[in-house]
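Please find below a briefing on selected residues and on the confidence of the model. The points are grouped by topic.

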Amino acid sequence: MNKNWPLWEIFVRSKNGLEHRHFGSLHAADAEMALENARDVYTRRSEGVSIWVVESKHITASNPEHNGELFEPAQDKIYRHPTFYDLPDDVKHM
Amino acid sequence: MSEAQQNTNGAERSLSLEEIFEQRIANDEKIEPKDWMPEKYRKTHIRQISQHAHSEIVGMLPEGNWITRAPSLRRKVALLAKVQDEAGHGLYLYSACETLGISREELYEQLHSGKAKYSSIFNYPTITWADMGAIGWLVDGAAIINQVPLCNTSYGPYARAMIRVCKEESFHQRQGFEIMMTLCNGTEVQKQMAQDALNRWWWPALMMLGPTDDVSVHTEQSMKWKLKRKTNDELRQQFIDQTVPQADILGLTVPDPDLKWNEETGHYDFGEIDWDEFWQVVKGHGPCNKERMNARVGAWERGTWVRDAAMAYAEKQQNKKENQAKAV
């Protein structure tokens, strides 16, 4: 038998109030082992209070070659930002 | 879009993919796994990152040798934690390397077959407890000098791994220096032991920073890709300049009769490095090359059934879950 352990992506919440952040990846036979390994590999110095593991194959990523279509339309929509609107200086609290 | 932006975009369209890529690196932009990159960039990064990962993994062996014989519980937990960190560093780096489209299996295969190299310093033996001090102080010291500039390297996953590695590395060096300090403040025999370890590790530590600039084949390209921010000779000088005063504090003598402070350059002058020895060790003829590879390959092979069993168990659990779901 020669089945390699699949790859998992590891997300760690460093403290309550913060979101889980991608920390890296590792190999493990199943989700439970991925959690245990993630604890040893990524939180040896109290870096986390919560861990998520996701098998890498379940992540769908956008293709950087399509970044133009995906992200450029936002660039000319400056009216979505508060500074687009002209207000006199003596208007306060806005 | 402003007119200026349109112009730059228009100009970029006429550039080749490779030129755009080089420009991004020149602008200090990071390259991420799915971005287009020249084949040579990918290959060079696989080579360097995997070499680095292999060094962490093989680097556990000379120190693992002393865990059971550490002189106190304090020393033992520290050494254990250090070796565990090295396993962790290896894992950060292997997974960074895998983002370049090479599997963990292939990486191990390259190490085990001797196709991939690891740092030549780990082919020297650790014959006394003082070697644990000298390794932490000198080997980790040299590693830090090598690694800190890599936190800004152009390949995102490598840079992120290095930031984590560097944060953890300084404890390694400090615990090594503390071991040396304690020995130097001990009996005459203990002090001699520390001196002997320095004598044996000093030159290999200098070699660890790589061949001199005039013969280093990868330096120029690597500097361009920010895979290297300083040349080997610059790093070596920096290491010597900061380590010699530390040896003075310990009251030890650096084993180089030509070592002398140069008031004019503001650096230490140092003696000739025995590069024949370096190349001998790199080519596999160091004192422990065989022993290290046997230990590594043996551990991997003896672990096969464990890895297979874990996989079989995971599949069994998965099937059980699926069957239960069907039954409902």
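B:Arg307 has a relative accessible area of 19%, and because buried means under 20%, B:Arg307 counts as buried in this predicted model. The residue belongs to helix α14 of chain B, which spans residues 304–327.

**Surroundings of B:Arg307**
- Apart from neighbours within four places in sequence, the contacts of B:Arg307 are A:Trp5 and B:Trp300.

**B:Asp256 in a loop of chain B**
- B:Asp256 is located in the loop that connects α11 (232–250) to β1 (260–262) in chain B.
- The relative accessibility of B:Asp256 is 6%, so this residue is buried as well, given the limit of under 20%.
- When residues up to four places away in sequence are excluded, B:Asp256 touches B:Trp202, B:Trp203, B:Phe270 and B:Gly271.
- B:Trp202 and B:Asp256 are 54 residues apart along the chain, and their C-alpha atoms are separated by 8.9 Å.
- A polar atom of the B:Asp256 side chain lies 2.9 Å from the backbone nitrogen of B:Asp258.

**Confidence of the prediction**
- For the complex, the predictor reports an ipTM of 0.88 and a pTM of 0.91.
- The average pLDDT of chain B is 93, and 96% of its residues score at least 70.

Note on methods:
Residues are numbered from 1 along each chain as its sequence is written. Chains are lettered from A and ligands numbered from 1 in the order in which they are written. This is a predicted model: local features need pLDDT of at least 70, side-chain atom pairs count only at pLDDT 80 or more; totals for chains, interfaces and linings use all residues. Side-chain values use heavy atoms; hydrogens and water are left out. Helices (H or I, at least four residues) and strands (E, at least two) are DSSP runs, numbered from the N terminus. Buried means under 20% relative accessible area, exposed over 50%, partly exposed in between (1.4 Å probe, protein chains only). Contact means heavy atoms within 4.5 Å. pLDDT is the predictor's confidence in each residue, from 0 to 100. A polar contact is a pair of N or O atoms within 3.5 Å; within protein, one must be able to donate a hydrogen and the other to accept it, and residues adjacent in sequence count only if both atoms are side-chain atoms.
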